[in-house]
Amino acid sequence: MQHNLWQAVLGEIELSVSRGNFITWFKNTTLIRQDDERVIIGVSNVFVKQQLERKYNDLIAETLRKNGATPAAIEYKIQSVSRARQEEEPASAPAPSQQQRMETPAYVASQNPNKPQGNTLAHGYRLGLNERYTFENFIVGSGNELAYAACQAVAANPGTKYNPLFLYGGVGIGKTHLIQAVGNAVLANNPGARVVYVSSEQFVQEFVDALRFKKNTDFADHYRGADVLIVDDVQFLAGKEKIQEEFFHTFNAIHQANRQIIISSDKPPREIPTLEERLRSRFVWGMSIDMQTPDFETRCAILQTKADTHGITLTTDVMEYLATNVQTNIRELEGALNQLLAFCEMRGLDPDIHIASSLLGSAQSRPKHISAKQIIERTARHFQIPIEDIVGPKRDKDIVVPRQVAMYMLRSELHLSFPKIARELGRKDHTTAIHSVEKIEKESRLDAELRTAISEIKERLYA
Ligand code: ADP
Ligand code: MG
């Protein structure tokens with residue numbers, strides 16, 4: 001009876017949510033108990049529990065009601081999927097069970113007894129990861145807790161759930177930190193694992209180099225051989241068809257082998273312009289999580305924790321001042337704190353609100369120092385053309401536009417004079433610079449793709 005009720009509810013829910021969401025959140029749920037007071041739904045982990053409570057509770061209540069159940073409350077209870085397994089073997093059993101072995105084939109393969117044992121690092125590797133990014137030093141609060149829970153679930157069982165795991169959200173809110181924390185945790189559990197972290201920009205660059213030096217197979221083997229592949233800022237693959245194709249094959253190879261893929265982006269898959277449909281659809285196969293700016297309390301906690309590591313306790317007013325004035329970007333928040341601490345340390349002062357406000361005030365009006373060379377390099381790289389070309393004599397359209405963008409950026413970011421802008425790009429005549437800046441200014445108002453390009457270049461510049 002209960003079973004039928006829940007089957008009916010699930011059947012309806014399946015029609016009203018996406019397939020990915022249904023599989024992730026609903027498929028393994030059960031009805032534990034049902035009476036007039038409450039319905040208790042069994043879920044497999046805390047993460048599903050949170051998501052059902054927060055996002056789907058109304059839908060579940062409504063669907064229950066349609067099927068004749070009107071409990072006063074709905075509760076979600078975690079029932080470990082591995083309960084049966086745990087009952088079979090003591091928790092302390094060191095060897096992976098047969099079931100685990102099947103769940104994570106590639107992962108365990110790196111510890112294959114047929115391979116030489118001893119130094120497990122000999123066949124495991126860590127590439128591109130920064131050890132600084134761990135779960136332990138990540139402050140969990142509203143805005144990032146779902147992402148945190150998902151990352152922990154993936155780190156505990158790579159390749160089995162939430163594959164791919166797709167985190168998206170604005171700049172400086174902890175995406176890179178979290179996805180690298182997964183890699184570091186996987187390696188801590190299993191030094192033999194092959195964990196590869198790569199920014200999508202680096203992926204692009206290496207792909208281009210591989211083609212140029214005819215090393216395509218090395219490139220493919222390298223990425224396709226990962227147990228955990230972490231690709232950061234995947235939005236930079238947008239519009240790059242060849243590379244998307246390569247990435248598509250890499251994705252498939254890893255996914256089919258039940259190994260883990262983790263992706264971050266500044267926007268959800270459906271909003272990444274010129275992302276191939278087949279990649280888009282694969283990105284939503286697993287789980288996508290929206291990371292939000294941490295709330296005020298969490299920002300305060302982050303500040304205090306970071307100050308602690310310098311042996312300094314912030315006064316409440318300083319902490320609140322910083323957390324109020326830097327709201328959207330934890331990287332900037334950290335930057336503001338570091339600036340304050342450095343300033344005070346040099347002068348032997350205790351951080352107070354006056355110093356904080358004078359420093360922060362000037363920091364906001366003064367752009368971070370970047371050079372003309374950096375801007376030109378970034379722009380060339382974004383459009384995948386050699387620097388020699390952007391500053392050289394060529395007049396092809398696919399070089400002229402990036403050159404104009406570079407000029408525009410020199411003006412908007414560094415406020416350089418037009419003659420200086422012209423010289424930086426190897427032009428003799430400064431009217432070219434005036435014309436270019438005006439043109440990009442005008443076009444970027446109409447052309448969303450150009451706007452995106454500009455903001456991506458800026459983002460990388462200031463990252
Ligand atoms: P994103 O990749 O989203 O742009 P990052 O992961 O680079 O952001 O985070 C920016 C900085 O803020 C990093 O130094 C990171 O360690 C720190 N940070 C972000 N969120 C947190 C958090 N919740 N707890 C501790 N540090 C954080
Ligand atoms: Mg990042």
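Biologist: Which residues surround ligand 1, and which of them are the closest?

Modeller: Good place to start! Keep in mind that this is a predicted model. Ligand 1 is surrounded by 19 residues, and the closest are Ile 139, Gly 172, Lys 175, Thr 176 and His 177.

Biologist: Which polar side-chain atom lies 2.9 Å from an oxygen atom of ligand 1?

Modeller: To read a polar contact, look for a pair of N or O atoms within 3.5 Å. Here, a polar side-chain atom of Glu 334 is 2.9 Å from an oxygen atom of ligand 1. The side chain of Lys 175 also has an N or O atom 2.9 Å from an oxygen atom of ligand 1.

Biologist: How much of ligand 1 does the protein bury?

Modeller: Compare the ligand alone with the ligand in place. Taken alone, ligand 1 exposes 560 Å², and the protein buries 96% of that.

Biologist: Let's move to a loop. Is Asn 329 buried or exposed?

Modeller: A residue counts as buried when its relative accessible area is under 20%. Asn 329 has 10%, so it is buried. You will find Asn 329 in the loop between helix 14 and helix 15 (330-347). A polar atom of its side chain lies 2.8 Å from the backbone nitrogen of Arg 331. Asn 329 also touches Val 171 and Gly 172, leaving out residues up to four places away in sequence.

Biologist: Where does Thr 134 lie?

Modeller: Thr 134 sits in the loop between strand 4 (125-127) and helix 7. With a relative accessible area of 18%, Thr 134 is buried. Its side chain reaches the backbone nitrogen of Glu 136 at 3.4 Å. Setting aside neighbours within four places in sequence, Thr 134 is in contact with His 177 and Ala 181.

Biologist: Which residues of helix 14 are buried?

Modeller: In helix 14 (residues 316-325), the buried ones are Val 318, Met 319, Leu 322 and Ala 323. They cover an arc of only 125° around the axis, so they lie on the same side of helix 14.

Biologist: And how many residues does the largest nonpolar core have?

Modeller: To read a core, follow buried nonpolar residues joined through their side chains. The largest one has 52 residues, and Phe 26, Ile 60 and Leu 165 have the most contacts inside it. Helix 7 (residues 145-156) gives the largest share, eight residues. A second, separate core has 27 residues, including Phe 219 and Leu 275.

Note on methods. Residues are numbered from 1 along each chain as its sequence is written. Chains are lettered from A and ligands numbered from 1 in the order in which they are written. This is a predicted model: local features need pLDDT of at least 70, side-chain atom pairs count only at pLDDT 80 or more; totals for chains, interfaces and linings use all residues. Side-chain values use heavy atoms; hydrogens and water are left out. A nonpolar core is a set of buried Ala, Val, Leu, Ile, Met, Phe, Trp, Tyr and Cys residues joined through side-chain atoms within 4.5 Å. Buried means under 20% relative accessible area, exposed over 50%, partly exposed in between (1.4 Å probe, protein chains only). Helices (H or I, at least four residues) and strands (E, at least two) are DSSP runs, numbered from the N terminus. A residue is near a molecule or strand if one of its heavy atoms lies within 4 Å of it. A polar contact is a pair of N or O atoms within 3.5 Å; within protein, one must be able to donate a hydrogen and the other to accept it, and residues adjacent in sequence count only if both atoms are side-chain atoms. Accessible areas come from the Shrake-Rupley method with a 1.4 Å probe; for residues, only the protein chains shown count as cover. The arc is that of the directions from the helix axis to the C-beta atoms. Contact means heavy atoms within 4.5 Å.
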